Amino acid sequence: HYNQRDPMLKKRDDFEDVLEERRNSSDLRYALRCYTPVLYKGVPPCKSSMLKSMVLQSDQLHYVISQVSKETGRKTDEVQEEASAILDEMAHCQQLSTVRFFAFTLSKVFKSLFRSICVNEEGIQRLQQAIQEHPVVLLPSHRSYMDFLLMSYLLYTYDLTLPVIAAGMDFMGMKFVGEMLRMSGAFFIRRSFGGDKLYWAVFSEYVKTMLKNGFAPVEFFLEGTRSRTSKSLTPKLGLLNIAMDPFLKGEVFDVSVVPVSISYERILEETLYARELLGIPKPKESTSGLFKARKVLSEDYGSIHVYFGQPVSVRSLAEGRVNRRQFNLVPRHIPGKPGEDIHSFVNDSAYKLVRAQEENMVLKPWVLLASLLLQNQAAGPKEGLPLDELTAQAVWLRDLSRQYGAFLHWPDQMTPSEVVSSSLSLHRGLVRICEGKVQLAVEQGLAATPEEKLLNQAVIVLSCASYRNQALHVFLRPALLASAIHTASSTQKQEVFNSFSFLRNMFSNEFILCPGATVQDFEEASYLLVKTGAVQVSQQEVVVTEGGHRTLAFLIAMLDPFLQGYQVVCRFLCEEATETLTEKQFIPAVRKFIIKHLLAGGLRYAEVLSSDLQKNSLAAFLRLGAVQKIKGYVGFDHLECLVGPPSRAQNTTL
Amino acid sequence: MASNSSGGGSDRQRIAQQRLRIIAGHLRRPVDVDSTILAAECKAQDSKTDVSSEGKTVPRRRQEIMKWNGWGYSDTKFLFNKKGQAEFTGKRYKLSGMIMPALKDWLEDTFGTNLQHKSPATPILTSSAVQPPTLNEAFVEELKSTGIPFSHDAEDRVFRAHGHCLHEIFALREGKVGRVPDLVVWPNCHNDVVRIVELACKHNVCLIPYGGGTSVSSGLECPPEETRSIVSLDTSQMSRILWIDEKNLTAHMEAGIVGQDLERLLNESGYCTGHEPDSMEFSSLGGWVATRASGMKKNIYGNIEDLVIRVKMVTPQGVIEKSCLGPRMSTGPDIHHFIMGSEGTLGVVTEVTMKIRPMPEYQKYGSVVFPNFEQGVACLREVAKQRCAPASIRLMDNEQFKFGHALKPQVSSMFTSFLDGLKTFYITKFKGFDPNCLCVATLLFEGHREKVLQHEKQVYDIAAQFGGLAAGEDNGQRGYMLTFVIAYLRDLGMDYYVIGESFETSVPWDRVLDICRNVKLRIIQECKDKGVQFQPLASCRATQTYDSGACVYFYFAFNYRGLSDPVHVFEEVEHAAREEILANGGSLSHHHGVGKLRKEWMREAVSNVGMGMLKSVKDYVDPNNIFGNRNLL
């Protein structure tokens, strides 16, 4: 059975504040200091012009160019020129001077925004070692625009080879900034290029050329985009596929993949994200918009923790999983669709890596407070939680989360009440203390209509939820089990497992749940609940203990908004979806439906308004075959109501 | 430039004659103390086995001239003399009697060896270590009546129970002996073999053919699960050239003839086969056929499959052979391809008709230095593309280049050492080659003098396009000479806790660099993971070029001090290296064969159907598994 090491014993490195030195010495000297990074096998970084010509002269690209030319009847030269143009649009042109400019400016900005930027220096040392041995891929979590500037800043600070970063095309729209980013090492990829063979060839060859030759670490975001909810997003596989390809085809001995967890105590985009999720349109990225955002500079955003994880060897990931001989029978420059086994290997690896990011995310006490306040708020129209009770609950939750292996930064030198009040004061935009009672700041502002009022509330709730979500990965598995115990028709272990398996399956678009690891997750959850004395598990039964009800109630409440959300979407599809519901119409229609129910009081959770949840639930229903997509329309067949007992169709047994 | 014009042939004859003298000396020498003891032990020897093996390079009692637990001739080995300098003993080779001052440092630097820490071999085989023979009395009785010599002397049996895999030699050095043949039999001709195979079938005795004993695939190992009496059929006494046909340029030989004898005897008539595998001093014609051997000069003469015109093989079902000497036939699948590579599982090759060529008028060595291995490979690829490969072209990586330097004998004069220094200066300082990256290709040209010179220019011109600098004939010649000497070096290493092995593969051109890098790194990583305390040596060279790819040789060795089971670690690393080769598009073997060492990958190498085909041939030809060495399948 489940015999993973006790998560409490998980060894993590200590942090060091990089801003401390910035506050005590000249930024200018820092920006101009001698920069001599260690290199992979002593290979110096490659000039961008040289890189471009390597890509354009590659066998891979030649092949695709002649293929495209044959298919379209265009001249090879013409296609070649198109490829060259794509490359110009894409390519980075890193310049040390720009990097130095950023080093200087960012020092100023960071110092005014953040109290500290803490980095695990042992992780930096491991990275330095990895860079010398094998080509490196950096995979930071993505919660803010700040992420990749921060990454480059840190690598510069620690004298490491600056990464080249895959960035979305939307940045390019910002005229001056786009070019600046390009000069700091970003390269730009179109958000979608579907079947454009040539684009794909140029893009993948560009990335592979950098990687194979080890010119610089390649950095991209596994999640594909910034997570607006602070939950990790389902990994996108495109770039990871490309990054693993040189190893699979034997072009390099190994590739080191380094997950990096960046945790913000306060996210710069906090309310922006909430608005976006509620469908209040976001301003397009523009340079002037960025300057308007200057007012954020005057606020306190607490600290940032950056944890460079253990480098993961792609070779060891593939050991015993991938038969590399399959690539020996076709010339390697001919592009081919990866087979099913490769796809599932890359997918599993991606999940593992996202889990690794999650595990090393630093959680602040506020995250626990936000969870408690949200639960309290949903419990009913009360006057908020007395401060001392909140403190007591927070201490309880602190201990629980630590037992579950959370990477919690709770300042032990302060008293719990000091910790709570300092956390609350940093997030004063989201909470209000009134007569010694703490509640979410949802009543503020004058709104014309009840609907507007609701949306204003929802902004606060979603902002808070995004902090709670930071801790979700810690509680997710036990919470699934708790809910399974709650919904299962008996205490029979098999029943509970079936119910667990159903919930897990349904939520696998919502949370990071590794494909095929149901049994493992169940055992992990059982282990944690048993360890903390909340349940007893025998061969046959899963029984909640006397003292376990509090834990279970908390865990169930953690998952409840999502469960309710899926139910309401389900109800919407049953009640209101007509045969002509298009994908585009889905979000506005379901939103309207939810607002109606929220206002009528039939629904407690404003966070159900999150378009993220709505999209995820639809994707889940599609995956489960409850809903069908017919050329852009969404229809449903025999949607099983989620309120009922879980489906018995699960084949997995313990 | 051509200092040794047309010297190749006469040089060779001189060496051959010298070898003959030495062997004759061995045979005449009064029996020394050791062998008296041994002789006393073989009390059961049949009087008929005493037939003298005069005039033959390989005597029946191989142990008289060869090491029983190491490579090659007993009189030849590397050792550290009293001054602590490396010395190569004996008189057989060019390097014999010389001192190699740099070898000690190279060993110490490369492996972390220390001359104080010795791991000597057990000097004598104790016969108690050898299991008494399980004899099939009826078989022995009938065999006696045929008059074919045989022996069940422990030494004779042990000698034929192994090839030269590391684990085999390591065990012998420790005095450990596993399952060995119960009897050794020396047929004198094809008909003798027919008799022996008939008797083996009749009495259900397991036969294992033995040629030169140079297998590196565990091919000669006796299957421990074999319960029948095992008879080693040693072909060494079937070593005559039966005829030479100058009109058609073919020769007909008995299959037991070893490479050096074959070349020497043909040379006497002005011919050669041109088939020169690195093991040619000891390996036999029959062995080449049975393993699909490849020779260093295959670019001119071809591999064994190109050279063979007709083969006679004795199987339990009878003799398989073709009915004519036509140069090519369209008569269904070529039955020779059931024989070549059958690794002794179907029968014994007894006679072979082979192509011969007039001896080359002119031979010239050469060498080229490249700034790095990548450039060197690119050059070899271009040479292959233009189909202008010399008789031999080999590219050594940087590690081997350094190793070659370590084997440089003491320079005789100030002037040579000065010249050497000058050359080094020119290459590293003036041309900017990094001594830790540069690598060397060695070349051998053969043919008509003018054509050779023309050819040479063509190759050097191509080399120049890839940054190659001509580095002289001496370096080239030394490179080839070392081929024969290197095998002796493993024994020296084993005296000082260093174990090693070489293995080969063939791979398409576009993967040569990748496979070389990845396999070397895999070896290093595996050694680290398996607890090897010292940095291993992982080195490679491209030894053959083809239109579509190359043959790559890997060398791998490490200092095993501190390991409790070095051979196990060694085998794990070797296994991992083979996995890496296969993952990188390399073949299971280019010419060493499969034996038992690489059997586990055979099915994947040839597919299920392929395996079924081979099995059905085995089932038809040898239903009772008389040829039960269990190689290949």
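How many Å² does the accessible surface of chain B come to, and what percentage of it belongs to carbon and sulfur atoms? Which strands form the open sheet that includes β8 of chain B, and in what order?

Author: This is a predicted model, in which local features need pLDDT of at least 70 and side-chain atom pairs count only at pLDDT 80 or more, while totals for chains, interfaces and linings use all residues. Residues are numbered from 1 along each chain as its sequence is written, chains are lettered from A and ligands numbered from 1 in the order in which they are written, and side-chain values use heavy atoms, leaving out hydrogens and water.

The accessible surface of chain B comes to about 26,200 Å², and 54% of it belongs to carbon and sulfur atoms (Shrake-Rupley method, 1.4 Å probe; for residues, only the protein chains shown count as cover). Of the 633 residues in chain B, 58% are buried (under 20% relative accessible area; exposed is over 50%, partly exposed in between; 1.4 Å probe, protein chains only). The chain contains 20 helices and 21 strands (DSSP runs numbered from the N terminus: H or I of at least four residues, E of at least two).

The open sheet has 5 strands in chain B, in the order β8-β9-β13-β11-β12, with antiparallel pairing (two strands pair if DSSP finds at least two bridges between them). Because β8 (241-245) and β12 (318-320) of chain B stand at the edges with a single partner strand each, one side of each has no neighbour in the sheet. From one strand to the next, the twist averages 10°.

Helix α7 of chain B, residues 190-203, lies across β11 (308-315), β12 and β13 (348-355) of chain B, and runs at about 35° to β11(B) (axes are lines fitted to C-alpha atoms, for helices over the stretch in contact, with angles from 0 to 180 degrees between N-to-C directions; contact means heavy atoms within 4.5 Å).

Strand β6(B), residues 206-210, pairs in the parallel sense with β7(B), residues 230-234, over 5 bridges. One of these pairs B:C206 with B:I230. Both faces of β6(B) are covered: B:C206, B:I208 and B:Y210 are buried on one side, B:L207 and B:P209 on the other.
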